[in-house]
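Biologist: Could you walk me through this structure, one feature at a time? I would like the general idea each time, and then the case at hand.

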Amino acid sequence: MKAGTIFGAVNAVQQGQRGALMPWAAVCLGLGVGIYFALPVEPGVLGYALAAFAGLLGAVLGLWRREVLGPLGIALALVALGVGVAGWRAHQVAGPVMEFRYYGPIEGRIVGIDRSASDAVRLTLDRVRLDDVRAVPRRVRVSLHGEQGYLEPVPGAVVMMSGHLSPPGGAAEPGGFDFQRHAWFQSLGGVGYTRVPALLLEAPAPGDQRLFSLRMRMSAAVQAAIPGQPGAFAAAVLTGDRSGLEQGPIQDMRDSNIAHLLAISGLHMGLLTGFVYAALRLGLALIPALALRYPIRKWAAVGALISGAFYLALSGGNVATERAFIQVAVMFTAVLLDRRAITLRSVAIAAIIVLLRRPETLMSPGFQMSFAATTALVAVFNGLQGAAFLRNWPGWAKGVWALVVSSAVAGAATAPFAAAHFNRLAVYGLIANLLTVPVMGSVVIPFAVLALLLAPFGLSWLAFSIMDKALQWILGVAARVADLPGAVEMVPSPPPPVLALIAIGGIGLCLWKGRGRWAMVAPIVVAMLIWTGAERPSVLISESGGLVGQRAGDGPRALSRARGDGFVAGIWLENDGDPADQEGAASRAGWAEDGAGQVAMLGALSLWHGAGRAAAREAVEACARHAVVVVNAWPEDPPARLLEAEAQTLARLSAPGLPLGAANAQTAADCLLLSPSVLSRTGAVALGATEEGLQIDTARARQGNRLWSPAP
C-alpha cells in the first residue's frame, strides 16, 4: 500500500472524529503511565531517554504532516509524557524502607489515624525514631492492639511505644495487589503493631497539623451530636475520619453496593458543591439589583469552588477527595468561562490533571471506578439529550427516570472493576442505590451544610437530628439488603489482560463517534471469555511459609492451617471467589498428617508443609520423601543436606525452567525446599503440575526489579 493511501486512510478516520479527539489525550497519557507500571525493570537513564526521543519524534511528525499526523504525533508525545511523569513521581516519593524485622522502641508524630482490617486503631507516624536502625523510614504505620488506656490519639502528638515493624509485604499471591508499590507512593517504609500501651511523649505543638486537628475535633463533635454508628457514618462523610466506624456496617454497605457513600469522592463533592451553587444562585436571584446587573451564575460558581476547596482541606486531602475536587473544579471553571460544564472534555481534563499530579492513582480501584462511572454517565446522558420519548413526560417522571438511568449506568460501568478488585458483585446494588442516594443528596448533604451554618448560634443540633434519621435509614437499607438471600455473588479474580480489554472497549464505546464504536464491544466480549475460562493456581504458598492452600481440579481450596496468616488466607479465598473463612477452608479434605507437617498431592507430586521449630527439624526427612517441602522456620544448626537442598532450590528458581520431574524426590537435595530464606527472595509462590513437570510462579518475578521491589 502506498504511503499516500495510508495517509489518506488515517486522515479520513481523523476527520470522522473531528471535535471528539481531545478526550483521547487523557487516554494516551494514562497509557503511558500504565506502560511505566507494567515494565519488568525500572527504566533507568536509557529508558527515559527513549521515552523523550519518542515524545520528540511525535512532535516532529505532528509538525511535518500536521493535518494527517498531528493527532498521532500528539498521542505519541502524551504516551511518552505519561512514562516520564510516572517515573518522576516514583523517584520523588522515594524513602528508606526497612530491611529487616524490628522489635524495639518506636517514636513518631501522629499524622494519620484510621482502623486496620482487624478493627484496631492504627496510627501513621512521621519524624520516626527507631533504636539502632541505619535507614529510618520517613513514615511508619502501627496498629494498637491490647489495652490502650493511656493514650487518646490526637493529630500532631508525639507518641512512643515498643512494637514490631517490618518492611511492607509483597503480594499475597503472584500477580495480586502489590502492597509494596502502594506503600512506596505513601512514603511508608515500615508497618507493624504493638501489644503494649502507647504513651504520649509530647503534646501537639501550637498550629501543628492544624487542619488535621480541626478535622478530628469536628469528627468528635459530629459523633457527640449523632450517637452510635450513624454518627460515625456522618463523621466519615463530613470529615473523612472513619476511625469510629465498625466493620459490620462497612461490610453491609459493601455487600449492598453503597460503600461509595462512605468515601468522600465524586458523589459527595458533587452534591456539596452543587447544593452550595444552587443555594447561592437562588439567593442572589432573589435580589433583583444583583440578578439584573451582575453575573450571579459565576459568583455562585466561585462560592461552590471555595466550599469544595474547604471540604478537600478538611477531609485530609486524600487521593479520592482530591480527584473529586479536580473534577468539580473543572466543571465550575467551565461555568466561569461560559462553556458547557459537563462534557467528556471536562472529564478528560480532570483525568489529565489527576494523572499529572498522582500518576500512581491509575492503578487504584478508586480512579478506575470513578472515571468509568463519570465517563459512562456523561456519554449516556449526552446521547439521551433531546430524546423524543421524554418530551411529554412530567418533571417528576423525568427525575425518577434520570435517577434510575444514572444508577444503572454507573453500576454497569463500575461493576467489572469492583468485581475484579473486590471479588464480589452486589446483586441488589441498584435497589440499594435507588433507596439511599436520593436521601444522601436531598437530606444528608444539605443538612450537613445547614449544621455548619447553625453551629455559631448553637443550633446545629436541629440539622443533626434530621441527619441522624436519614443516616439510620441508609444503614438500615444496607443491613436489610445485605441480609437478602444471594445478595452477594463471589467471583474469581481475572487474569491481567481482562481489565485492560474492558477499559479499551468501554472507552471506545464512550468516545468514538459513529457506528464504528460498536466494534468496541468485541474487546469486552473477549475479556469476559478470558475471565470465565481463567484457572486459579493449584497451590498457593504464603510469603512467610506459614500457610499453603491447594485445590484439586475445580474444587474449592483446602488450607493447611486453620489459624495463622489469616489476612493472606482471606485474600486467597476471595480471589478464588470462595465465601468460606479460613477455618472452614482448613476443614476441607486434601491434607493428611505426616509427622509434624501435612501432605497434599499436586498431580503426581507430593507437597509437605510444616510450621514451627518441630517441623523445621523434620525438613531433611521430609525432603527425602516429598517433591516440595515448605517450612516457615529454620533449625538453629541446619544439617548440610538441608543447606544443600536450599542452595539447589535457589539455583532452580534462577534458571529459565524448573527441572523437577513428575515424581517424588529421592534424596534431600532433590526436593524443592521453600524455606524462609528462599521465600524472602521469591515472595508468595504459586505452583502447578503439568505433564512436563512443575510450573512455578513467584510474586517477586511478577513485580520485577522496581524501586519498590528491588531484586534481592
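Biologist: Is Gln-582 buried or exposed?

Modeller: Buried means under 20% relative accessible area, exposed over 50%, and partly exposed in between, with a 1.4 Å probe and protein chains only as cover. Gln-582 has 13% relative accessibility, so this residue counts as buried. Keep in mind that this is a predicted model, where local features need pLDDT of at least 70 and side-chain atom pairs count only at pLDDT 80 or more, while totals for chains, interfaces and linings use all residues. Residues are numbered from 1 along each chain as its sequence is written, and side-chain values use heavy atoms, with hydrogens and water left out.

Biologist: Where is Gln-582 placed, and which residues is Gln-582 in contact with?

Modeller: Helices (H or I, at least four residues) and strands (E, at least two) are DSSP runs, numbered from the N terminus. Gln-582 belongs to helix H21, residues 582–586. Contact means heavy atoms within 4.5 Å. Beyond its neighbours within four places in sequence, Gln-582 touches several residues, including Leu-547, Leu-559, Arg-561, Asp-565 and Leu-573.

Biologist: And what about backbone angles: what is phi of Asn-423?

Modeller: Look for a positive value in a residue other than glycine: Asn-423 has phi near 60 degrees. Asn-423 sits in the loop between helix H15 (395–422) and strand S7 (424–426), and with a relative accessible area of 1% this residue is buried. Asp-338 also has a positive phi, near 60 degrees. The loop of Asp-338 runs between helix H12 (319–336) and helix H13 (344–357), and at 53% relative accessibility Asp-338 counts as exposed.

Biologist: Now the sheets. In what order do the strands of the open sheet lie?

Modeller: Two strands pair if DSSP finds at least two bridges between them. Here 5 strands form an open sheet, ordered S11-S10-S9-S17-S18, with antiparallel pairing. Its edges are strand S11 (558–559) and strand S18 (693–698), each pairing on one side only. Strand S17 (residues 685–690) runs antiparallel to S18, and 6 bridges join them; Leu-687 has Ile-696 in S18 as its bridge partner.

Biologist: How many residues of strand S5 are buried, and how does S5 pair with S3?

Modeller: In a regular strand the side chains alternate between the two faces of the sheet. Strand S5 (residues 188–194) is mostly covered, with 6 of its 7 residues buried. S3 and S5 run parallel and are joined by 6 bridges, with Gly-192 in S5 as the bridge partner of Val-142. S4 pairs with S5 in the antiparallel sense over 3 bridges, and Leu-165 stands opposite Gly-192 in S5.

Biologist: Which residues form the nonpolar patch on the surface?

Modeller: Like charges are joined within 9 Å, and nonpolar side chains (Val, Leu, Ile, Met, Phe, Trp, Tyr) within 5 Å. Areas come from the Shrake-Rupley method with a 1.4 Å probe; for residues, only the protein chains shown count as cover. Tyr-150, Met-160, Leu-199 and Leu-201 form this patch, with about 400 Å² of accessible area together. Tyr-150 lies in the loop between strand S3 (139–144) and strand S4 (158–166), and its 62% relative accessibility makes Tyr-150 count as exposed.

How values were computed:
Patch = residues over 30% accessible without salt bridge, like charges linked within 9 Å, V, L, I, M, F, W, Y side chains within 5 Å. Salt bridge = Lys/Arg side-chain N within 4 Å of Asp/Glu carboxyl O.
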